[in-house]
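Open the model in your viewer and keep the selection tool at hand. The tour goes from one stop to the next, and each stop says what to select and what is there.

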Amino acid sequence: MTFTIYELAAMQPALLVMIAGLLAVGLDTFVPSKTRIAHAMLCGGGVIAAMAALGSQLYYQRTAIHAFGNMLVLDDMACFLSLAILAATGLVLISSDADTTRRNIGFGEYYGLIMIAASAMMMLVASNDFMTIFVNLEVLSLALYVLTGITRKNPRSNEASVKYLVSGAFATCFFLMGVAFLYGATGTFALSGIREALALGLDSSMARVGLGMVMVGFAFKIGAVPFHMWVPDVYEGAPTSTTAFMSVTVKAAGVGALIRVLLIAAPMRSDLWADLLWWMAVATMVVGNLMALQQTSVKRMLAFSSVAHTGYALVALATMRSTDETFVPEAAASALFYLLTYTFMTLGAFSFLIYMGHELPGKDGTSEWQDAETLSDLAGMADRRPWAAAMMGLFLLSLGGIPPTAGFLGKFYLFAGAIERGHVTIAVIGVMASLVSLYYYLRVIVWMYMKEPMIADEKPHPSVAVVIALAGLATLLIGVMPGAFIAAAEHSIAVLR
Amino acid sequence: MDVRFYLSLAAVLFVTGVYGILTRRNAIGIMLSVELMANALNLNLVAFGRYGAGALGQVFAMFSIALTVTEVVVGLGIVVLLYRSRHDVMVNLASEMKR
Amino acid sequence: MVWAQVAIYLLIVTCLGLGMSYTGYFFLAPSRPRALKQEAYECGVPQMAGSRERFSVRFYLIAIMFILFDIETVFLIPWAVLYKQLGVPGLVEIGIFFAVLGFGLAYLWRRGGLEWD
């Protein structure tokens, strides 16, 4: 099987990111004088070039590119999610400047791994075949295992890395077993081929088991209950910029790939997966929010809140099959839009924790960096850092779903759509869950605005301020004029069919 | 030979691996269990490919072998780091973070 | 009932074999144990140390790298088998694969992953 150069255009944006990442690793290793500027320009250039390639695909090319025997397809949904992933990657690259200098992590490895993970995610959302889905899922997971444990001397980071790896490997095996069963039942790995086989009226238990195991694999990767046990430990132990990166991009990529699998491979068998997703979404919203209530560490609270937000996004997928048994694939658009809003608010909230980092005296005279983690670390920051605290307040209100922020519109669009399709129960549960979530989001704001400061030596990092400002701007922008973004999300799903 | 023999063997291997992951506390033991699961599904892929579905199953199995090995390699690297920081590879002792 | 005959035959053969070996072991063979005889057989040379000591972590690292580069060649075999059909495009693809793999090796080398100390 040969391919033409034209087909390479389907993976051109991801390739640009990958090459920039590899060059960053090479630069760090083989060029003696290591400058941060060179890395930043290289990786930033890669991200911008990939964005430009995606933009030209969206505005000039317009038709989807099917490449490599329809294994990869660069359509509007892939472009939409790739742009969200690239935006998050760009912001994380800026904010990880703080983490790498403070903790003395090699720039080349850190930036290179982030770029490789981003490129794998971009190819994952463009994957139209279980073979490419598997390879990209694995490449991004491998990069993230290493990123989690990249602060090598830190026992918490090591532990987080081991836990992530063990649960991730477990999930991969489940996913692959499901793929093997689907292959046994249908004789193909291509999503469209599986759809054709299922459309012929194939109804073997093997296909059901296969689809179920594939969904378990995805649920592990995006951290949906009951497969969320690794999330809090991993998110807490990883360097905060890594946490920010994986909490937003893995969900965007994983949910994107899940949407593609459900909509292309098994749309007419929604009776097989809709109920499963319904229960998973409800459990994820409830458990995520209830666990987040009990946390005193803000980082851990945000980890559980990201579990809860996975649940909100899953509501859209679970209600694609409306109560009068019709299948409404357009519903997935609200999940895409929600993922976009979630990207900026979560990234901003985690970046604020990096911004407020301070130095802890270590055992042997050295000092160790500690990002703001507990509520007391943030107490009274509104007086000393009014702008940053205001931005953090904006992110938290957006996460809680207060207008006029992006988070409100995301949730509104999601739950209104669910009610429209007759799923009132899940919408009510979702609204109740986000009311509960307001308690712990507002608690942070109360500590920031109404308590006396408890630490005096926080050392804000200027580049993180840029990230906070950009993320805040995006959160407000999507909140005030969501029309273009919602239209883009709806168009992405409409093209998918 | 029937494809069911291969599927049964793969099921036994897979369940052994799952049991190992759930009960083992030694990180190396967990890696071994992951490999068992991976081999079970490779066996499934190859068996399905051989009995009907075509050569694609073998191709997928090759990718799966390469990538699961990479995963185990990264895992062992991380375990070595864990050993250096706490001189033990028991995962249940690794609890720096609160429950 | 051919299987019953086979079963009886197997039973007799097993009893006969076990009986002969145990008769030889308990009644016929001379038994003069010495310390040297109790040791594990180490190709005829005296043992240097017990076999249950811990290995240095460096062996792990070398073994890990070996496995990694060893397994990646799994993609070489199909290419080599279909070398003629794949032609120049196949050569280019495997070249890219090898370039990335070689980059990994160079990185490892440069970072001191191959140094013993």
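**Stop 1: two helices in chain A**

Select H3(A) and helix H5 (residues 107–125) of chain A: their axes are 10 Å apart and the helices pack at an angle of about 5°. This is a predicted model, so every value on the tour is computed from predicted positions. Angles under 35 degrees count as roughly parallel, and H3(A) and H5(A) are therefore roughly parallel to each other.

Now show the residues where these two helices meet. From H3(A), pick A:Arg36, A:His39, A:Cys43 and A:Gly46; from H5(A), pick A:Phe107, A:Gly108, A:Tyr111 and A:Met115. Sorted by class, the contact of H3(A) with H5(A) has four nonpolar, three polar and one charged residues.

**Stop 2: one residue in H3(A)**

Stay in chain A and select A:Ala50, which lies in helix H3 (residues 36–61). Is A:Ala50 buried or exposed? A residue is buried if 20 or more other C-beta atoms lie within 10 Å of its own. A:Ala50 has 29 C-beta neighbours inside 10 Å, so A:Ala50 counts as buried.

Which residues are in contact with A:Ala50, leaving aside its neighbours within four places in sequence? Select A:Pro13, A:Leu16, A:Val17 and A:Leu86 to see them.

**Stop 3: from chain A to chain B**

Show chains A and B together. Here 32 residues of chain A are in contact with 34 residues of chain B. On the chain B side, helix H1 (3–23), H2 and helix H3 (56–86) each supply at least two residues. Which helix gives the most to the side of chain B that touches chain A? Select H3(B), which gives the most, with 16 residues. By class, this side of chain B has 23 nonpolar, eight polar and three charged residues.

**Stop 4: a helix pair across the two chains**

Select helix H7 (residues 155–186) of chain A and helix H2 (residues 27–53) of chain B. Their axes come within 9 Å and cross at roughly 15°, and H7(A) and H2(B) are therefore roughly parallel to each other. The crossing of H7(A) past H2(B) is left-handed.

To see the contact, display side chains on both helices. On H7(A), the residues that meet H2(B) include A:Val162, A:Phe170, A:Met177 and A:Tyr183. On H2(B), those that meet H7(A) include B:Ile30, B:Met37, B:Leu41 and B:Phe48. The residues of the contact of H7(A) with H2(B) divide into 18 nonpolar, two polar and no charged.

**Stop 5: chain B and chain C**

The contact of chains B and C takes 10 residues from each of the two chains. The chain B side of that contact has eight nonpolar, two polar and no charged residues.

**Stop 6: chain C by itself**

How many helices and strands are in chain C? There are five helices and zero strands, and the pattern along the sequence is α-α-α-α-α. The radius of gyration of chain C is 28 Å, well over the 13 Å that the globule rule gives for 117 residues, so chain C is more spread out than a compact globule.

Along the principal axes, its C-alpha atoms fill a box of roughly 70 × 55 × 20 Å. Of the 117 residues of chain C, 1% count as buried.

Key: Residues are numbered from 1 along each chain as its sequence is written. Chains are lettered from A and ligands numbered from 1 in the order in which they are written. This is a predicted model: local features need pLDDT of at least 70, side-chain atom pairs count only at pLDDT 80 or more; totals for chains, interfaces and linings use all residues. Helices (H or I, at least four residues) and strands (E, at least two) are DSSP runs, numbered from the N terminus. The radius of gyration is taken over C-alpha atoms; the globule rule is 2.2 Å times the number of residues to the power 0.38. A residue is buried if 20 or more other C-beta atoms lie within 10 Å of its own, exposed if 12 or fewer, and partly exposed in between; C-beta atoms are placed from the backbone. Two residues are in contact if their C-beta atoms, placed from the backbone, lie within 7 Å. Ala, Val, Leu, Ile, Met, Phe, Trp, Tyr, Cys and Pro count as nonpolar, Asp, Glu, Lys and Arg as charged, and the others, Gly among them, as polar. Axes are lines fitted to C-alpha atoms, for helices over the stretch in contact, and angles run from 0 to 180 degrees between N-to-C directions. Angles under 35 degrees count as roughly parallel, over 145 as roughly antiparallel, 65 to 115 as roughly perpendicular and the rest as oblique. A crossing is left-handed if the near helix is turned anticlockwise from the far one by less than a right angle, and right-handed if clockwise.
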